[in-house]
Amino acid sequence: HRHEPGGFNGEWLGYTYNDMIMHNLGNDLRTIGVTHLNMPVEVDRDKIGENQNGRGFSVLVVRVTDNPQPGTDEISQAASDSWVGGLKGYLKKDGTRQMARAFIGKLADGHEEVYIVDIPRDITKPGEWGPLEGSKTTFPMPPEGTVQRRLTNTESGCNGVVRSAPDGKWLSYITNDSIGKKQVFIISPSGGEPIQLTSFEQGVISSPFWHYSGHYCVFSNRNALYIVNSDTNSPEFKQIFKIPVTFNERQGNIVWSGDGKYIAFNMGKPEAKQIYVIATAPKYWKK
């Protein structure tokens with residue numbers, strides 16, 4: 001699930017993946033795959049017609065294991081992922097732009113941290129870890145050129161969906177502050193020190209979502225929507241704005257429209273969540 005278009009030229013899909021062959025062997029680990037569209041794949045037809053030709057070439061890009069070793073960056077699950085920089089990727093130190101997906105990885109003790117995987121443009125070449133298609137007893141393995149890196153090292157772990165600023169400069173996520181309250185943090189795809197964006201007394205509720213400008217994030221805190229200035233070059237950096245509408249229930253799965261004019265979200269009881277849309281513009285934001 002979590003199928004998301006993106007990648008260079010918008011010709012890619014990213015998603016989480018569970019392997020049925022490995023599931024039948026009792027090894028049901030979630031990981032992350034990508035599909036390069038416009039690369040048709042023909043497969044052998046089976047007797048009951050389940051096998052279908054594909055319009056894109058698909059691979060797994062993250063390595064998971066059912067027995068991650070303590071003290072290492074090995075993980076047993078990869079999820080809560082998204083493209084870094086949308087169609088642009090992120091800017092590397094050598095001046096080139098790199099396609100990547102950021103995600104939450106689960107370590108040996110169940111601890112979860114922010115990871116990133118660099119993805120090559122050519123995903124047809126097997127890497128050093130094994131065949132792309134896997135085997136009867138092993139997972140499909142990432143292609144040559146994938147680089148899987150851990151970005152955070154927290155005491156409390158990270159959660160929420162890891163999302164990227166539109167230009168790929170920052171990744172947002174949720175983790176605890178120094179007094180144990182969940183707050184919004186950002187970190188560079190290249191690593192380094194994270195920056196805390198929010199300091200709510202009771203913490204925040206939802207994962208943030210970026211404005212198309214890359215200068216703001218929207219998130220939910222209790223029964224209200226808030227916007228934080230995430231532009232590190234702005235004098236208003238970290239300033240919090242409140243959308244002047246109070247709701248009766250918590251909001252979740254918040255997204256900002258591509259033009260920045262609307263925010264959509266889910267709200268309602270677990271068995272009957274609905275989709276809501278609210279118009280928004282900076283002149284309506286309240287400090």
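The legends below describe close-up views of a predicted model.

**View 1. The four-stranded sheet S15-S16-S17-S18.** This open sheet consists of 4 strands in the order S15-S16-S17-S18, paired antiparallel. S15 and strand S18 (240-242) are the edge strands; each has a single partner strand, so one side of each lacks a neighbour in the sheet. S15 and S16 run antiparallel and are joined by 2 bridges. Across this pair, Phe209 stands opposite Val218 in S16.

**View 2. His211 in the loop between S15 and S16.** His211 is located in the loop that lies between strand S15 (209-210) and strand S16 (216-221). Its relative accessibility is 10%, and His211 therefore counts as buried, the cut-off being under 20% relative accessible area. The side chains of His211 and Ser213 are joined by a polar contact of 2.8 Å. Leaving aside residues up to four places away in sequence, His211 touches Pro166, Tyr216, Trp256 and Gly260.

**View 3. Lys238 in the loop between S17 and S18.** Lys238 is placed in the loop between strand S17 (224-229) and S18. The phi angle of Lys238 is near 75°, a positive value in a residue other than glycine. With 38% relative accessibility, Lys238 counts as partly exposed.

**View 4. Gln183 in strand S13.** Strand S13 (residues 182-187) contains Gln183. Gln183 has a relative accessible area of 0% and is buried. Not counting residues up to four places away in sequence, the residues that Gln183 touches include Tyr173, Ile174, Thr175 and Asp177. Also among the contacts of Gln183, under the same exclusion, are Gln196, Thr198, Ser199, Phe200, Gly203 and Val204.

View 5. The largest nonpolar core has 24 residues, of which Val34, Val61, Val62, Ile75, Phe103 and Ile119 touch the most other members. Two or more residues of this core come from each of strand S3 (30-41), strand S4 (54-60), strand S5 (77-83) and strand S9 (112-118). In soluble globular proteins, nonpolar side chains tend to be buried together. With residues up to four places away in sequence not counted, Val62 touches Thr31, Ile32, Ile75, Ala78, Phe103, Val117, Pro142 and Gln148. Of these contacts, Ile75 and Phe103 are also named above among the core residues that touch the most other members.

**View 6. Ser80 in strand S5.** Ser80 is a residue of strand S5. Its phi angle is near 55°, which is positive although Ser80 is a residue other than glycine. Ser80 has a relative accessible area of 24% and is partly exposed.

Definitions and conventions:
Residues numbered from 1 in each chain as written. Predicted model: local features only at pLDDT ≥ 70, side-chain atom pairs only at ≥ 80, totals over all residues. Heavy atoms only, no water. Buried < 20%, exposed > 50% of the residue type's maximum accessible area, 1.4 Å probe, protein only. Polar contact = N/O pair within 3.5 Å; in protein donor to acceptor, adjacent residues only side chain to side chain. Contact = heavy atoms within 4.5 Å. Pairing = 2+ DSSP bridges. Core = buried A, V, L, I, M, F, W, Y, C linked by side-chain atoms within 4.5 Å.
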